Amino acid sequence: MRATHSKKVGTGSNKRPEMLNVHIRNSWRTNLQLIGSIGNMIGYKKSLSEWQCLSEVKMDRGSPIPPMLRRKIVEQYQKGVSQRKIAKSLTLSSSTVHNIIQKFRESGTISVRKGQGRKTILDAHDLRALRQHCITYRNATVMEITTWAQEYFQKTLSVNTIHHAIHRCQLKLYRSKNKPYLNMIQKRRRFLWAKAHLKWTVAKWKTVLWSDESKFEVLFGKLGHHVIRTKEDKDNPSCYQRSVQKPASLMVWGCMSACGMGSLHIWKGTINAERYIHVLEQYPAPIQTSFLSGKTLHFPT
């Protein structure tokens, strides 16, 4: 911290410096107490509220002057202080002080004029209709929503305007999750199964042997959906994404329980119902023996 002050030489004992420049590295608001104590030591009698008023001047470019500071400018003007001295004492530009005083002369108020920016094309009523349409048709693209909005609102709307309007409706475009499709019969069966096992205890669930299988395909030349190339290299073989109609595949079967995981078993080619039944009859028996030392494990059906 560095504090410098210039003091006008005089004979009176109540003379105080005309200007105090205090350079604080930290924020103004956290150092108001420190600045006040330094001012008292060097004889600069400024109240804490005045320092707080000055601290509010530190704002972004284009921000309006706080009402407290505007009121102080008008009070000093009414006392006969010149505009230059007011600007110097409050560390403001002369044009800012002149505009505030000029507005006070003309209207008698110090309030900030409301912004006169461009009005939005879609008002609150339009945004409610747009939000309801987006919720009803969640899978529609922005282009489709824009086409609908132009016909519905009878206004010239662009894709960017609709995109910003969707954000104003507290909505956002996301990539939808991939979930397996379940028809009503499958949902009903799952509900009944969950209802039948609702009262099972933790000890009973530990005796269940769970199994799952997965199919792994060997695809040749699949390096990704994207490729870095020029416009002329679209027919370059190195830029192709090759695919195979019936690639070689492996079926991997495994099981697990509360006691641990079983070993994986690999089957070549496709697997049908008969081969899957053979897997279930051949492998769970030795696995449950190794898990629970001869205790019985239940295989869910």
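Predicted model: local features only at pLDDT ≥ 70, side-chain atom pairs only at ≥ 80, totals over all residues.
1. **H3 against H5.** Helix H3 covers residues 67-78, and helix H5 covers residues 94-107. Their axes lie 10 Å apart, and the packing angle is about 75 degrees. Angles from 65 to 115 degrees count as roughly perpendicular, so H3 is roughly perpendicular to H5.

2. **Who meets whom in H3 and H5.** H3 contributes Arg70, Ile73, Val74, Tyr77 and Gln78. On the H5 side, the partners are Val97, Ile100, Ile101, Phe104 and Arg105. By class, this contact has seven nonpolar residues, one polar and two charged.

3. **H7 against H8.** Helix H7 runs over residues 142-153, and helix H8 over residues 159-168. The two axes come within 9 Å and cross at roughly 100 degrees. H7 and H8 are therefore roughly perpendicular to each other.

4. **Who meets whom in H7 and H8.** From H7, the contact takes in Val142, Met143, Ile145, Thr146 and Ala149. H8 supplies Val159, Ile162, His163 and Ile166. Seven of these residues are nonpolar and two are polar. No charged residue takes part in the contact of H7 with H8.

5. **Glutamine 154.** Look at the loop between H7 and H8, where glutamine 154 lies. Its phi is near 55 degrees, which is positive, and the residue is not a glycine. Most residues other than glycine have a negative phi. Glutamine 154 has 64% relative accessibility. The cut-off for exposed is over 50%, so glutamine 154 counts as exposed.

6. **Glutamine 170.** This residue lies in the loop between H8 and helix H9, the latter spanning 184-196. Glutamine 170 is another non-glycine residue with a positive phi, here about 60 degrees. Its relative accessible area is 70%, so glutamine 170 is exposed.

7. **The second largest pocket.** The space in this pocket comes to about 380 Å³. It is lined by 13 residues. Closest to the centre are Arg138, Asn139, Lys172, Leu173 and Tyr174. The lining of the second largest pocket divides into nine nonpolar, two polar and two charged residues.

8. **Points to check on screen.** Start with the crossing of H7 and H8, at roughly 100 degrees. Then find glutamine 154 in the loop that lies between H7 and H8. Move on to glutamine 170, in the loop between H8 and H9. Finish at the second largest pocket, with Lys172, Leu173 and Tyr174 among the residues closest to its centre.

Key: Residues numbered from 1 in each chain as written. Heavy atoms only, no water. 1 Å grid on protein atoms, 1.4 Å probe; cavity = no way out; pocket = protein on both sides within 12 Å on 5 of 7 lines; lining within 4 Å. Points joined across faces, edges and corners; volume = space filled by probe spheres on them. Nonpolar A, V, L, I, M, F, W, Y, C, P; charged D, E, K, R; others polar. Axes fitted to C-alpha atoms, helices over the stretch in contact; angles between N-to-C directions. Helix = DSSP H or I, 4+ residues; strand = E, 2+ residues; numbered from the N terminus. Parallel < 35°, antiparallel > 145°, perpendicular 65-115°, else oblique. Contact = heavy atoms within 4.5 Å. Buried < 20%, exposed > 50% of the residue type's maximum accessible area, 1.4 Å probe, protein only.
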